[in-house]
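Hi,

Here's the structure I promised to pass on.

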Amino acid sequence: MERLRGWGARMRALAAALERPRAPEPLPALIDRRRVYVLPTGFGLFYAALVLVMLVGALNYNNNPALLLALLLGASGLASLIATHLQLSGLRVEAASAEPVQAGQPLALRLSLASRDGRARRGLRADLDGAQAWAAVPANGSAELVLPLPTRRRGWLAPGRIRLSTTQPLGLVRAWSRVWPRQPLLVYPRPEPSPPPLPDSAGSLGRGRPDPLGEEPHQLRAYRPGDPPRTIAWKHSARRDALVVREFERTEGRELVLDWRDLPALAVEARISRLAAWVDQAEREGRRYRLRLPAQDDIGPGQGPEHRHACLRALALLPDGAA
């Protein structure tokens, strides 16, 4: 039994390798008739056997109504085969995308499908690495499938060959096609679970920013209606014979520097995990930070989602032997 299962698995892998496309392809991609494969389902085989038995019985007993019924059922099965093939033929795969996630978390691959030939598609199913998703595409419309993919390590993740299939409208046959997007997906490094506190920074003092609640005087300007009375500089106003107010600023803390060279005792992956954890911690605390990596220009200083993405992307794409 185990030998038969192994033989069957090898045959399925060989058949899948022969299916189109055989290499990654750019999107958008059109699924034409040469890329659609059709085979009967278990119910379809039972249906064919039933029609065959009815046909033999009708011929044996010369029963014209039974013969007509068998022929009608056979014609319905053939029409269902064509209709199932048309569910995929002409379908467009517009795009494949995903938001980066930390290694170990499922990555939500969004696959955009569109119908431009006036036919609605129903019961579409996508399979990839054990993940499944279903969708229906309206006529001259679009829909989106979301496939949760497992992630194991940082860096680029190739989505692989996605199997699109359907058994509509009668479930007698299954039509399927393969899509292989040439679109790598980014996986952030896994942050250290319990990192030490952020390092003391030797960076320069941050610039002051205007803040009405700040403590340091910044400049004088003309009075505007609505300015609080406590900000009016009375002595300067008397000398200028016009009301002026003080603008204050709040001095931001020192710029945080996250330096690869400050962690010489850690292995490469451990350094990457700690720096990733520090990036997230600095974002939570609202700190401006700079990331220094080997053989690269400094990233930052900065703060916010775009700066965080730039730092985590650089960490994710570091080579395994970074020095």
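Below is what turned up when I went through the charged side chains.

Some ground rules before that. This is a predicted model, so to speak of local features we need pLDDT of at least 70, and side-chain atom pairs count only at pLDDT 80 or more, while totals for chains, interfaces and linings use all residues. Residues are numbered from 1 along each chain as its sequence is written, and side-chain values use heavy atoms, with hydrogens and water left out.

On to the pairs. Side chains of opposite charge can pair when their charged atoms come close. The structure holds 15 salt bridges (a side-chain nitrogen of Lys or Arg within 4 Å of a carboxyl oxygen of Asp or Glu).

Start with Glu94. Its side chain meets that of Arg92 in a salt bridge at 3.2 Å, N to O, and that of Arg116 in another at 3.9 Å. The Glu94–Arg116 pair links distant parts of the chain, 22 residues apart: Glu94 is in strand S3 (residues 92-97), and Arg116 is in the loop between strand S5 (107-114) and strand S6 (121-128). (Strands are DSSP runs of E, at least two residues, numbered from the N terminus.)

(Partly exposed lies between buried, under 20%, and exposed, over 50%, with a 1.4 Å probe and protein chains only.)

Next, look at Asp298, which meets Arg292 in a salt bridge at 2.9 Å, N to O. Asp298 is partly exposed at 33%, and Arg292 is partly exposed at 28%. Both belong to a network of salt bridges that also links Asp259, Arg261 and Arg290.

Cheers

How values were computed
Helices (H or I, at least four residues) and strands (E, at least two) are DSSP runs, numbered from the N terminus.
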